Amino acid sequence: MESLSPAIEIRALHKSYGSVKALQGVDVTIQRGEIFGFLGPNGAGKTTTIRCVLDLIRPDSGQMRVLGIDPQQDPVAVREKVSYLPGELNLDAGLKVSDQLRYLAELRGNTVEWRYVERLAQRFDLNLGLRIKNLSKGNKQKVGIVQALMQRSNLLILDEPTSGLDPLMQQEVLKALKEARDDGATVFFSSHIISEVEAIADRVAIIRKGVIVETVTPEALTAMQIRRVRVTFQDEVTADAFTQLAGIKVLPQDRERTLRFEISGEMGAFIKTLSRFTVVDLEMERPTLEEAFMAYYQEGV
Amino acid sequence: MWAEYKNTLRKLRGAVIGWGIGLFVYTLMMMALFETVAGVGLAYMTFIDAFPEEMWGFFPYLDQFQTPVGYLDTYFFSYINIIMGILMVGMGAKLIVKDEEDGVLDLTMAYPISRAALFWARVLAAVTAVSAILLAAIAGWLLVPKVESWTLSTEKLLLAHLPLLALLLLFGGLALLLSLVLPSVKAASGAAGGLMVANYLLNALANLDDRLQAINQFTPFYYYQGGGAVDELNWAYLAGMLGAALLLTLLAWWRFSARDIRVGGEAGWELPSWLTLKRQANTNNGR
């Protein structure tokens, strides 16, 4: 029966902290063997959902099954099959990295292959001999990544796994997650960075204010990718040439010989039109996820 | 569970080594000085007679300091309870919640260890740590060759430390329970420590004013024998204190097993709702 059940199944999950309603009926199903992105702005309920799944906190109501097991009925059985990286990773500052990992491996009953831990440390450029208190935020995050991967669990639950890492290391982590998926694991990871989720997820749930707004494919995320572009031209250019393009919104002008745009979706047509003019400067910024949501759902949903 | 027990003992080893060495040296020195102090005799008794009456509340065996019972009570059991109590209250309050405040417990509890295993492994490690400290103190008493006037058997000396252990476990259990109810380690250690000191003072005053015994008999220090246990250990008192310690620890376990593991950013660092019902009701009535 277990092999047929989804990796994670959550129904009508509610959780409040006093008067704050953190989750207001989360429904999501994650199939085995997929990389599932959990996207939402800060405070949307990503971490609360994950912590309910691991029985670190108890929901007010709702049902959950993790690999066919109810985490409230048998949390240890769930945790035997799951590796977790917390969003706010804190480690025992007095320990060396190797001692911290050995302690965590002991909690798993010493089923971790230490050579594999050393290989992971080498891959993520992590010195096992250093004390935790001497590590930078990025290196602490690497310890978190290694401890999550060292067990080769059936299910990886990672809360903002690339937080604090440099771009190269972020890519290495995302690559490692893809490899874990290829080896048969399910990866459930949260993020507030659209491009990161888009890069590796098979499916994405978007959570906002404690409710799953939508479950989409990465392609659909592209439509949400709004960008703000400021273009300075050599000569005065009117916005007429751009107003007819799909997905382009002309913003109020703030300087001479400069136009501002908000672009959603593909940029090909915009760049083609832009090439007809002499461009002196071009600045582009990606808005926050919350702004992207607002634009995508037109302030309403 | 073994991994967690070992890890907790590792965290407590600084306290065990520091307190253990300190108490070992102290008891070693006091044992070596017994013959000298006991031999002072009449002159010292005259000096003691000049002490204010209130002193007798804190040191009830002061007039017997030339005997092993009075000596042990006056120089060890009568105040080591409050000194080691401070250690135990801190240890109890930090045992679970320090890791929670530091954000470390979130990761630990995501590993395949049940809340029961984690809780009892840590409690067992704390009991081991405090027992080791007391054993170091006992070693100090035992290592000095005994003089003729030291008439106490080793067995009686060992048993006399049991009420101290029970009292420490009781206040450690109280601090542990409060840490799981109150919003922080500081609040829990402050409350438990305050109750312990208040009880210590009440007990001393009750030794001077019998009317206070009516209240004092409901407090742990009333059942703490101190040097009196050297003469004859009251097993019923000892069992009562150990039972109370176990009850407090069981309540702490019940609380820990039922509540959320807190992390920063979530509204977990507040008094539990059942403690704030009255305030909420008042607020609602006011609306």
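Among the elements of chain A, the lowest mean pLDDT, 64, belongs to helix 11 (residues 289-296), and the highest, 96, to helix 5 (residues 137-149). The structure is a predicted model. Over chain A as a whole the mean pLDDT is 88, and 93% of the residues of the chain reach 70 or more.

Strand 8 of chain A (residues 203-208) takes part in two pairings described here, one with strand 3 and one with strand 9. With strand 3 (residues 35-39) of chain A, strand 8 pairs in the parallel sense over 4 bridges. Within this pairing, Leu39(A) has Ile206(A) of strand 8 as its bridge partner. With strand 9 (residues 211-216) of chain A, by contrast, strand 8 pairs in the antiparallel sense, over 5 bridges. Here Arg208(A) is partnered by Val211(A) of strand 9. Strands 8 and 9 of chain A form a hairpin with 2 residues between the strands. In this hairpin, Lys209(A) adopts a positive phi near 50°.

Chain A also touches chain B, in a contact that takes 23 residues from chain A and 21 residues from chain B. On the side of chain A, the elements that give two or more residues are helix 2 (75-81) and helix 3 (97-107). By class, this side of chain A comprises 14 nonpolar, 2 polar and 7 charged residues.

Conventions: Residues are numbered from 1 along each chain as its sequence is written. Chains are lettered from A and ligands numbered from 1 in the order in which they are written. This is a predicted model: local features need pLDDT of at least 70, side-chain atom pairs count only at pLDDT 80 or more; totals for chains, interfaces and linings use all residues. Two strands pair if DSSP finds at least two bridges between them. pLDDT is the predictor's confidence in each residue, from 0 to 100. Two residues are in contact if their C-beta atoms, placed from the backbone, lie within 7 Å. Ala, Val, Leu, Ile, Met, Phe, Trp, Tyr, Cys and Pro count as nonpolar, Asp, Glu, Lys and Arg as charged, and the others, Gly among them, as polar.
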